[in-house]
Every structure is written in structure tokens, then in C-alpha cells.
Number of protein chains: 2
Amino acid sequence: MNTVRVNLGSRSYDIVITPGDPAGIGPFVRSVLRKASTALVVCDANTQAHGRAAEATLAASGLRTGFATVPAGEPSKSMEQLAKLYDALYDLAADRSTAVVAVGGGVIGDLAGFAAASYNRGLPLVMVPTTSLSMVDSSVGGKTGINHPKGKNLIGAFHQPAGVWIDLSYLDTLPEREFLSGLAEVVKYGVILDADFFAYLEANAAEIRARAPQALMHIVSRSCRLKADVVEKDEHETTGLRAVLNYGHTFAHAFETCGGYGTLLHGEAVAIGMECAARLAQKMELIGADFVARQTKLLQALALPIVPPAQWRTDELIAVMRRDKKAVGGQMRFILPTRIGEVKLFDNVPEPLVRAVLESR
Amino acid sequence: MNTVRVNLGSRSYDIVITPGDPAGIGPFVRSVLRKASTALVVCDANTQAHGRAAEATLAASGLRTGFATVPAGEPSKSMEQLAKLYDALYDLAADRSTAVVAVGGGVIGDLAGFAAASYNRGLPLVMVPTTSLSMVDSSVGGKTGINHPKGKNLIGAFHQPAGVWIDLSYLDTLPEREFLSGLAEVVKYGVILDADFFAYLEANAAEIRARAPQALMHIVSRSCRLKADVVEKDEHETTGLRAVLNYGHTFAHAFETCGGYGTLLHGEAVAIGMECAARLAQKMELIGADFVARQTKLLQALALPIVPPAQWRTDELIAVMRRDKKAVGGQMRFILPTRIGEVKLFDNVPEPLVRAVLESR
């Protein structure tokens, strides 16, 4: 078992990573939320079994529980599903000490997290991520939100969890494509922050794909630590530091918006986005062909896609990128690599270069 | 002109109180939000003229502006109207520096404030309160939110404004009943925090009712300072200190919920709630008849109601009070006075006493 501490003053919390301990959730919630007497478990159709098991351990730990299920998939990050969670909290007679326990992937974490952030002006949240992607990314850092019909995550709040419980045994039953998708964010941490970690991924790609327990423990723990380091320095994305986490994401969000949510998994969009960002950085002469080749080779070793589907219209992608949350005054901003382990923010990237990268597919 | 500084570390801001300077809003927004290039003005049908004037001064100060109007009244604190503001922000191509400028009473401040809190995970907010109630209460302190069909302000966030612009000349055209309603919160500050201020209100009730400019400047400035003192000590209502502001409000929220929003103005519900709280405190032998008499006399001198309408069912009121946001584990908690200028939190108030207060109408 590893513990990663996220140091945010009064909002500090622990990420506990266990090889497998489904009965541990109840005691964990108890230990991080001593005042809680009730808990609402939120899950989707895919994580209902994990959710029911979590509910049982919470009940065994003396909590009065509620249970809410939403349909699986990105469309559940909606005002409608949010309203259903508000109803579930009301029916549970939730008070300000009621814990919201999000058992699922990024969609559940984002949706349940925003419900927790906004019900009664803030309930404590415990993240129980069940996918590789949510374990290394969305369950850490306090971003919560839902989608607007015109933009992903356009409605949301920063709301740090009271704790994160990562049980790696959930990965045993995760479908292959979904498991691999989460690895894109792991590669990202290597590129943006840690050349040694990148080299570890290159050397251990086969073990990782085979879900070897020790490899999973290492990549999840290291990814959480790297993300926590960034979040600690820029909790609310105000200094620009946290923006490094968006490497590949300006492209990825445009792909997801134009493709309609659901065509690509988020991690797949990020993998293609990182490939595009690397090629953009090469065109800007920030890096050489060697960087692009190493990143491409690693993404391919992890069976991740690198080529944007042909049907997307470049004009539409560019228009979406100009509206990106991180855009300011309509300028195009990108996080681009300068070497393995380092990225920087570039304002005012010339549109023709972005266009060229998108059109060379 | 008076300035009240709210000291909250990186979230500190100024409340500027002017006797009348409608052209001052644009320069004020510019001065508190140097990075903003766009602003969305939000108002309702009643404050549309003030909103358009504000928009003109924002445009004159070089900001690109958008304008959104919602129907007047409490029902606009809904998911539907919130979604309309999200659309307006999207249509304005809002980025994280876009200012949301709330021109109106508490409904507009709460609704626009929550839209600002939750769009793009947080936009800067400038409050321009136009009613006596919002000037002394809701525009200060960072509470934002909308209503759930089953509970007032059940959905919301703490989101401090970047600045508050109070133009007392807006009060000139405020309908009498609405103007008086806001004075209930002013009386509240005297009762809970400041015996001298309470005595000032007793001595100057006639001038206040006549809206004498110097009296208005004093009561608004003093109320904002008193509220700011409390908010500074307990920004997120976690230590219990901020709870003193809820004097009269556990009753008031139940009145508003059971009466359907709109039957009573919020300040009227608070006035009746303070009367009930004082009588409850008397039954608990915390205060004597002299306290109740002084408070009753002042509320009446300001033409505020003190008797709960007869049609409310006691059982229903009690059930709502048990679900109050400030309730914990279903216990009834009340802020009750111990003398003029001091209140304390009482847990576990016996239900029969609450019932007796409600039934003695």
C-alpha cells in the first residue's frame, strides 16, 4: 500500500493506493471524515457492483447510506443527471457532513464531485476511481464539472476531495481499450515532468500492458505524486503552473467536442493530442524529430492511437480551440514540450502551424 | 463615499458605498479586474434600466459587454435560468477573465453569482446590489446559489466577489415594502453584534424610514462592516462563527419554504423569524421580556411584520427546520440572543418549545 499526500493547507488529503482491499473503503471514509454519519454512493451501470460493495463496507462502518446510479458514459455529465443526484441527496436528508462517495471513472468523479461541490454549498467528497484514467488523473486535484451542450467541462468547480481510495484490483476487470486509454495520461506525466519516469515507461511498456501488479502500483503512485506536485503549486489554475497538465488537451478537447463525446475515449483523444502537440512543437523548432519519434514509439507500444480521424473539419476544430477554457481573449495557447520532462506555455501560436498539423493527417 | 475592506487573503475585496454615481461602475470594474476584457451584465425586469446604464459605463471603459435578463422574483433561482446564463456566457465567448456583473437584488446576486462560480470553474464576479436587502446582506460574503424544488439555496457555492459597488441612489426608486424588508437584516446586525448600532437604529428609525441620505450611508456601511467582520473569521461557515448571521433565519427559511417563495419578502420572513427566535430565547430563559419588547418595538417602528401568518401548519414548519442546511443529524439548532449585541448557537433545542412559539400566534 502506498500513500500520496496532497498538501493544500486546510484542504490537504491522502491518496491511498492498495493492491486490493474492497472492504477498506468504509474504514477509510470513517478515518478521513470523522463527523460523517451518512454517505451517498454514486456509480454508473458499469461500476454498480463496486458501488454496492462500497456501500456495504460503509454501512458496516456505521454510516447510513444512499445509493445513486446514473447511465454509463459522458452524456451523464449533464444538468439532468446532476439534478437527480441533488434529489438523491435531498431524499437522504443530507446535511453538511454527508459524504459523497464517487465510485467510478472520470464521468462519475466529475458529476458526483460537482454535486458535492454545489449541494448545500459544499459536501465532503471521497473519490473511489475504478478506471486507469481516473486513478491517475481526474480523481486527484479537485476539478469537478459537467458538460454544456457546446463545451466539455464548461460548468464546474474546484472542490478538493477529503480523500482518494485507489484499489488497483478494479483494473483486473477493466476492458482492454479502456485500460489502455488511461495510460495516455501516464505518458503525459513523463513528458511534462519526469524524464526518468518516461524512460521507465519505455522500458516497462510490456509489463504495464500486461497489468503486472508491481508496474501498476508504480505508475499509479508516481502519476498521482507528479499530479499532486503540480496541484499543490497552483490549486486553482491561476498562476499558469497547473496548465502544464493540459499538454495535448487543447487538441484533445477539440477532438472530443467535434467528434461528439463518445467517439474517442478521453485518453485516446489525449494520445492523439500529444502527438499533434509534439508535431506542432517540432514545427516551431522547440524540439527535434528524435523527441517526436520517442513519444510516438511509446504511445504505440501502449497500443494508443496517434492519428486524428479523417472526418474532422479543420475549421471547426480551430474554432473550438479558440473557445477553450484556457484560451484568453481568443488567442491560441498551447502547452508544448521543450525536451522530455519539460513543457512550457506558448501564447499566440500562429494559426497556420496549428492548421498544418491538423491537415497533415 | 465609504469603502469597507473585506480581508480574506487572496480573495480580499472592497465594498464601495457611494451616495450616487451611476457612471462609476465601469471604472470600478476596471480597477478591481485589470485583466477583464469582457463583461456580462445580469439583471431582471425590475433592474433593467440600471443594468443598461451599467452596461454603458462598462462599454465606455473599454469592455466588450453582454447583457442577460431573467424574470424578476425568486422563481428565477432555478436550473432553467442558470442554464440561460451559461448560454449567455457561451455566446459572449467568455473566458476566465470575463466579469459577471450582477445588477439587482438578492435573486440576481445569488443566481449570477452561482453562474460565475460554476462557469469555467469560476469567473470573477462584481456585485451591484440595487435593493436595501442585497446591499446589507447578500452581496457581501460570497454565498451564491439557486433553489431546489424542495429547499431554498440548496444548490450553491461560496464564491467571493472581486468587488461590490453600492450606489445608494438606487434606493430612491425602490418600492416602500421592499425597502423596509431589507431593514430586517440591519436590525439583525444590531441584535447579534453591536448594541450601540441597535441603539442608533432605535433613535433614528424615522430618518431611516424616510431614506435620509446620511442615515442610509451609515446603516449600509455599518452593516457591511459587521457582516465582513464575521465573514473574515469564518468564510466557509465551518467554525460556527458565521452561523450568528443566521439569527432568525431557521424560522425564516421554514416560513419561506412552506409559504411558497414569494408570499413574504425575505426580510419580512426574517423579521418574523427574529421575533420567534427572541420568544424562544425568552422561553429558554436566556433573555427577559425587556429584550423581546425592545426588538419588537424597533421592528414595528420600521413597519416590519412580527406575527407569522396563521395558515402555516406547525408540523410542516418543524419538518422543514429539521432539514435546514445548518441542521446536523436532524437536531434543531438555533442562533439565540443572550443580550442585545450577543447571540450564541444552541444545539438540541427542545422541540416542544419551538412548537409553542409557532403555535402561540
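In helix α2 of chain B, the buried residues are B:Gly51, B:Ala54, B:Glu55, B:Thr57 and B:Leu58, where buried means under 20% relative accessible area, exposed over 50% and partly exposed in between (1.4 Å probe, protein chains only). Seen down the axis of α2(B), these buried residues fall within an arc of 165 degrees, so they line one face of the helix; the arc is that of the directions from the helix axis to the C-beta atoms. The model is predicted: local features need pLDDT of at least 70, side-chain atom pairs count only at pLDDT 80 or more, and totals for chains, interfaces and linings use all residues. Residues are numbered from 1 along each chain as its sequence is written, chains are lettered from A and ligands numbered from 1 in the order in which they are written, and side-chain values use heavy atoms, with hydrogens and water left out.

**Helix α2 of chain B**

- Helix α2(B) covers residues 48–60, and its 13 residues reach 18 Å from the first C-alpha to the last, close to the 18 Å expected at 1.5 Å a residue; the expected span is 1.5 Å times one less than the number of residues.
- Helices (H or I, at least four residues) and strands (E, at least two) are DSSP runs, numbered from the N terminus.
- B:Ala49 and B:Ala60 are exposed on the other side of α2(B).
- The cover over the buried residues of α2(B) includes α1 (25–32), β3 (38–44), β4 (64–70) and β5 (99–104) of chain B.
- Just after α2(B), B:Gly62 adopts a positive phi of about 95 degrees.

**Helix α11 of chain B**

- Helix α11(B), residues 266–283, has 18 residues and reaches 25 Å from its first C-alpha to its last, close to the 26 Å expected at 1.5 Å a residue.
- Of the 18 residues of α11(B), 16 are buried, so the helix is largely enclosed by the rest of the structure.

**Relation between the chains**

- Chain B can be laid on chain A with an RMSD of 0.0 Å by a turn of 180 degrees and a shift of 0.0 Å along the axis; copies are superposed by least squares on the C-alpha atoms of residues with pLDDT of at least 70 in both.
- That is the relation of a two-fold axis.
- In chain B, the C-alpha nearest the axis belongs to B:Met79, at 3.9 Å from it.
- Of the interface residues of chain B, 97% are also interface residues in chain A, so the copies meet through the same surface.

**Buried residues and their contacts**

- B:Thr144 belongs to strand β7 (residues 143–148) of chain B and counts as buried at 1% relative accessibility.
- Leaving aside neighbours within four places in sequence, the contacts of B:Thr144 (heavy atoms within 4.5 Å) include A:Arg121 of the other chain, as well as B:Asp110, B:Phe114 and B:His159.
- The side chain of B:Thr144 reaches the backbone oxygen of B:Ala157 at 2.8 Å.
- B:Leu302 lies in the loop between α12 (289–301) and α13 (314–322) of chain B, and is buried with a relative accessible area of 2%.
- B:Leu302 and B:Ala206 are 96 residues apart along the chain, with their C-alpha atoms separated by 7.8 Å.
- Beyond four places in sequence, B:Leu302 is in contact with B:Leu180, B:Leu183, B:Val187, B:Ala205, B:Ile208 and B:Arg209.
- A:Gln295 sits in helix α12 (residues 289–301) of chain A and is buried at 0% relative accessibility.
- The side chains of A:Gln295 and A:Tyr247 make a polar contact at 2.6 Å; a polar contact is a pair of N or O atoms within 3.5 Å, and within protein one must be able to donate a hydrogen and the other to accept it, while residues adjacent in sequence count only if both atoms are side-chain atoms.
- Not counting residues up to four places away in sequence, A:Gln295 touches A:Val191, A:Phe198, A:Tyr247, A:Met274, A:Glu275 and A:Ala278.

**Annotated regions of chain A**

- An unreviewed UniProt entry gives the annotation "binding site" to residues including A:Ile108 and A:Lys143; annotations may be inferred rather than shown by experiment, feature names are shortened, and UniProt positions are given in the numbering used here.
- A:Ile108 is in helix α4 (residues 106–118) of chain A and is buried, with a relative accessible area of 1%.
- A:Lys143 lies in strand β7 (residues 143–148) of chain A and counts as buried at 18% relative accessibility.
- UniProt places "domain: 3-dehydroquinate synthase N-terminal" (unreviewed entry) at residues 69–180 of chain A.
- Over residues 69–180, chain A is 34% helix and 29% strand, with the end C-alpha atoms 25 Å apart.
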